Amino acid sequence: MTEHDTLSQTAPKRVFIKTYGCQMNVYDSDRMADALAPHGYVPTQDAAEADLVLLNTCHIREKASEKVFSELGRLKELQGERRAVGADMMIGVAGCVAQAEGEEIARRAPVVDLVFGPQAYHRLPDMLARAQGQRHMHPSLKKAVIDTDFPEEDKFAHLPAAKKEVTVKRGLTAFLTVQEGCDKFCSFCVVPYTRGAEVSRPVHQVLDEARRLVDAGVREITLLGQNVNAYHGLDAQGRDVGLGQLAYLLAEISGLERLRYTTSHPRDMDDALIAAHRDLPLLMPYLHLPVQSGSDRILKAMNRKHTAAEYLALIEKIKAARPDMALSGDFIVGFPGETDQDFEDTLTIIRETGYASAYSFKYSTRPGTPGASLGDQVPEEVKTERLYRLQDLVNRQTTDFHASCVGKTLPVLIERVGRMPGQVGGRSPYLQAVHLEGSTELIGAIHQVEIIGTSTNSLVGRLRQAVAA
Ligand code: SAH
Ligand code: SF4
Ligand code: F3S
């Protein structure tokens, strides 16, 4: 009997996947669902009715990590309730906490049946079969199935594709992971340890997946990678293809209207990628390019390997290629040793760059990273005060950016019905949410929308009547 048969005997079963962290985890959660589908698992949004619960976790900051354990406490109760009515619930921890803490999770939370890292997702059905075998053992003998190896084989080559109708249901926009892992070793960051070394998917795999998505109605693809612009995939002839060149290849797919990518590192923003922004209308003018700090001293201590001036020069070069480029970034306040002056330098780089949006975080010490052994930690209340000041500045920039769009006509990909009856909603090229009056027939295509106002975090628009050519 095959593993497939073993798992599908009692089908259908319900799987509830809870996703924490970055977009790569969102993508991975879908791929886990796809891997389980042939084994009779259907997704549910309600943990209480799930035969299997998977937590796809994030280790980036302490708070993110700790959420897992409080969630496991709640799940233990749900599991008890299900068992009381003769049902059951298996519990798995996936993602970056699983990779970083492995067996420690099973020790701290014996309720967990399986723990597996991001590189093991293609082995999920097999792990599940083994964990099911353990269910019938006496509790004292039961051991969680743990898989945190970085395998030799290509995970993506072994993960099944979603069925077309599943992709259709997921909507008009999709993520596509093209690169995983990180070799940069910023001194604050766990990603090189949880996701491993940089690996790029081969060009044909990316193009095949993109074509399948477009064939199922996807109009906008966001390419993902921890350092997506460090992408260097091989083509069929074994030649190295960078992200810029990949964008030209994707642009040839008929029906694909918009392309985005995230997250980029300033050091990998090469001329070919900047040229692609100049040449390809489908490459959206919105770039997430984190700088973390505006102080050269702190950038050096963070091991970012560039200066504030180099970042600003890069932004200038990008804007020369694509003048309407909107920028987004990430900032860490309170890195060890950050002085008032260092922080002021961060505010300065924010003013000089001008962001459409930005994410900002208090520095969180992560075990195993070089930052963890640095002295001169910044007191919590100083971090809090700096974070507020930074967020206040960024919020004003975001508001100004939204306001600058009023009066313009922007192409909006209409994706869904709006919050109010008679409304539809979509996104501008700059990733802003746009709401407008209009029929549901507009959904699925890009329409010209005049921006007539702003509300908190979104734009209000009016459909421009199509002018006959
Ligand atoms: N690869 C991306 C970032 C991935 S992590 C890059 O190089 O920019 C996402 C964001 O989390 C980072 O940009 C950083 O701002 C934040 N972050 C990472 N580690 C952190 C830590 N230890 N404390 C606080 N914020 C952190
Ligand atoms: Fe983390 Fe730095 Fe790698 Fe980004 S580039 S994932 S911040 S180590
Ligand atoms: Fe978190 Fe892992 Fe993404 S640590 S941010 S889920 S790569």
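Which of the 17 residues around ligand 1 come nearest? In this predicted model, local features need pLDDT of at least 70 and side-chain atom pairs count only at pLDDT 80 or more, while totals for chains, interfaces and linings use all residues. Residues are numbered from 1 along each chain as its sequence is written, chains are lettered from A and ligands numbered from 1 in the order in which they are written, and side-chain values use heavy atoms, with hydrogens and water left out.

The nearest residues around ligand 1 are Phe188, Gln226, Gln292, Asp330 and Ser364; a residue is counted as near a molecule if one of its heavy atoms lies within 4 Å of it. By class, this shell holds six nonpolar, six polar and five charged residues. Here Ala, Val, Leu, Ile, Met, Phe, Trp, Tyr, Cys and Pro count as nonpolar, Asp, Glu, Lys and Arg as charged, and the others, Gly among them, as polar.

A nitrogen atom of ligand 1 lies 2.9 Å from a polar backbone atom of Phe188. Taken alone, ligand 1 exposes 540 Å², of which the protein buries 90%; the areas come from the Shrake-Rupley method with a 1.4 Å probe.

Strands β15 (326-333) and β16 (357-362) each supply at least two residues of the ligand 1 shell; strands are DSSP runs (E, at least two residues), numbered from the N terminus, and helices are runs of H or I of at least four residues. Both strands belong to an open sheet of three strands, ordered β14-β15-β16 with parallel pairing. Pairing requires at least two DSSP bridges between two strands. The edge strands, β14 (286-288) and β16, each pair on one side only. Between β14 and β15 there are three bridges in the parallel sense, and Tyr286 stands opposite Ala326 in β15.

Definitions and conventions:
A polar contact is a pair of N or O atoms within 3.5 Å; within protein, one must be able to donate a hydrogen and the other to accept it, and residues adjacent in sequence count only if both atoms are side-chain atoms.
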